[in-house]
Amino acid sequence: MAGLARFLCLNGDAAKPPPLPPADDGAALSPTRPADDIPSRRAELYGPGVDWSALLDPLDAGLRGELLKYGDLAQATYDGFDWRHWSPHCGTCLHGLRRLLPALGLGGHGYAATAFVYATCEGRVPRWLRRQLHADAWDGHANWIGYVAAAGAAEAGRAGYRDIVVAWRGTIAPDEWALDMRTRMVTFELDAGKDKGARVAEGFHTIYTSSNAGSKYGERSARDQVAGELARLVGHFRGRGEEVRVTVTGHSLGGALARLAARDAAAAHPDVPVAAVTFSAPRVGNRAFCDGLASRGVRVLRVVVRHDVVPLVPSVPRAVVDAPVSKALAKLWARMGRPPPWTYVHAGDELELDVRKSPFLKHAKYDVVGLHNLETCLHLVDGREGAAGAFRAGARRDPALVNKTSGMLRDEARVPAWWYLPANKGLVRDALGRWVVAEREHDDLPVPDDRLPLRVHLTDGKTIFAN
């Protein structure tokens, strides 16, 4: 992937850019905590009927903090994933459930992971691609694709409600790459009245709904795992008289799965507010699917980067494009003022970002990987003032994060591309001096169906969920 990024990255700037501004004035850098004024502004940010589009230009400071928070929680699905094909635990989370967020430096966000989510699927990866992706290492088990987390007592007190987050990972496993390409539409209806004609991409639907009785992590589909954990958490906290909200987030493929899960959550808990905050996500379904989200009150905010190709796909299923009558029917639907039912459309509000606003980034229109990188997106969110404004002078997110898995930072930053790797790629010397894959600590070993007890959970001596 790094070689692909370097091959595709064509810098569009002919002139030498100005020097980089100082990265910091002594204040702490990221992870960026959300703003502390949420309780007084709950109605403005999350109240029923609130128009988020009115808060996007200029970008509201409180909403910016919330976007960065959910972006960090989504990034954890990448940073915590064991992608090493030589690891005996390839495809699982590097950290145990109780240690995930603190180990990734996100303990200060005030959330605790309560359950892991695994996805099992068969994408029929071509033989030549299987060799390139070391696909044999991924066979025979489900892969960790996200987690459910709940706001702790302090964060719930700050926000004024108990936030339950479902965070989904983007595409990494070989089968996921293959399924991303399956754009034939399949039915996704829960209620004939609210979902009539709702259809979504076959590949996303397969990842979301597939199960494998022969896999200890994939006996239940990702859909069922999330539904079960949400039922447990919503029942627990509402039983204590608390106000509960559900926020589903994810990047790329994770953003697509987030919208599927958001609709399910809203249908299962109709009196619980549900929001989907996605980053660089593709289209998921047709207009009827999007109308189903809106009719259930699901708030959708899509954060995208200009020139990133992923939010532009899929458009029309291949089978429809090849149909002789498709153009004539499309014209007919256009006259009716609605997209055809076989056309993919986006839902909700959109916040579009532009790399040209940042003095830290290469202004490269064709760096496919860099433009789609989640850290690039979060860097631009932190610097966003308005569509016509310059990069925000008070941005505090560390620019070096952009180059964790890309090469988008300008050379003047002196930050190497693709620097986020475990020391020695996870190898350590054993007692005989040989280099071997490091064994995980006991608390970081994968455990099927591991869920966090909600009565007591201690982190650094502090109670996360108060009794």
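Guide: Pro-314 is placed in the loop between E8 and H13. The model is a predicted one, and in it the peptide bond leading from Val-313 to Pro-314 is cis, with omega near -15°.

Arg-306 forms a salt bridge with Asp-354, and the closest N and O atoms of the two are 3.4 Å apart. Arg-306 belongs to the loop between strand E8 (299–305) and helix H13 (318–321), while Asp-354 belongs to the loop between strand E9 (349–353) and helix H15 (368–372), so the pair ties together parts that are 48 residues apart in sequence. The two partners fall into separate classes of accessibility: Arg-306 is partly exposed at 33%, whereas Asp-354 is buried at 14%. Beyond this pair, salt bridges with shared partners join Asp-72, Asp-79, Glu-375, Arg-397 and Lys-404 into one network.

In one of them, the side chains of Glu-229 and Arg-451 meet with an N to O separation of 3.7 Å. Glu-229 is part of helix H10 and Arg-451 is part of the loop between strand E11 (435–437) and strand E12 (458–459), so this pair ties together parts that are 222 residues apart in sequence. Here Glu-229 is buried, with a relative accessible area of 2%, and Arg-451 is partly exposed, with a relative accessible area of 39%. In the other example, Arg-169 and Glu-176 bring their side chains together in a salt bridge of 2.9 Å, N to O. Arg-169 has 0% relative accessibility and counts as buried; Glu-176, at 1%, counts as buried as well.

Lys-425 has a positive phi of about 55° and lies in the loop between helix H16 (374–383) and strand E10 (427–429). Lys-425 is partly exposed, with a relative accessible area of 45%.

Another loop position, Ser-210, lies between H9 and helix H10 (222–239). With a relative accessible area of 18%, Ser-210 is buried, because the limit for that class is under 20%. A polar atom of the Ser-210 side chain lies 2.6 Å from the backbone oxygen of Thr-206. Leaving aside residues up to four places away in sequence, Ser-210 touches Thr-120, Cys-121, Ser-221 and Ala-222. Thr-206 is itself among the buried residues of H9, which include Phe-204, His-205 and Tyr-208. Helix H9 (residues 202–209) is mostly covered, with seven of its eight residues buried.

Trp-86 is in the loop between helix H3 (61–79) and helix H4 (100–103), and counts as partly exposed at 30% relative accessibility. By contrast, Cys-90 is buried at a relative accessible area of 3%, and Cys-93 is buried at 3%. With a cut-off of 2.5 Å between cysteine sulfur atoms, the count of disulfides comes to zero.

These details belong to a protein with 16 helices and 13 strands. Of its 467 residues, 52% are buried. Among contacts between residues at least 6 apart in sequence, 74% join residues at least 24 apart. The protein exposes about 21,100 Å², and carbon and sulfur atoms supply 55% of that area.

Methods
Residues numbered from 1 in each chain as written. Predicted model: local features only at pLDDT ≥ 70, side-chain atom pairs only at ≥ 80, totals over all residues. Heavy atoms only, no water. Buried < 20%, exposed > 50% of the residue type's maximum accessible area, 1.4 Å probe, protein only. Helix = DSSP H or I, 4+ residues; strand = E, 2+ residues; numbered from the N terminus. Polar contact = N/O pair within 3.5 Å; in protein donor to acceptor, adjacent residues only side chain to side chain. Contact = heavy atoms within 4.5 Å. Salt bridge = Lys/Arg side-chain N within 4 Å of Asp/Glu carboxyl O. Areas by Shrake-Rupley, 256 points an atom, 1.4 Å probe, with all protein chains shown as cover.
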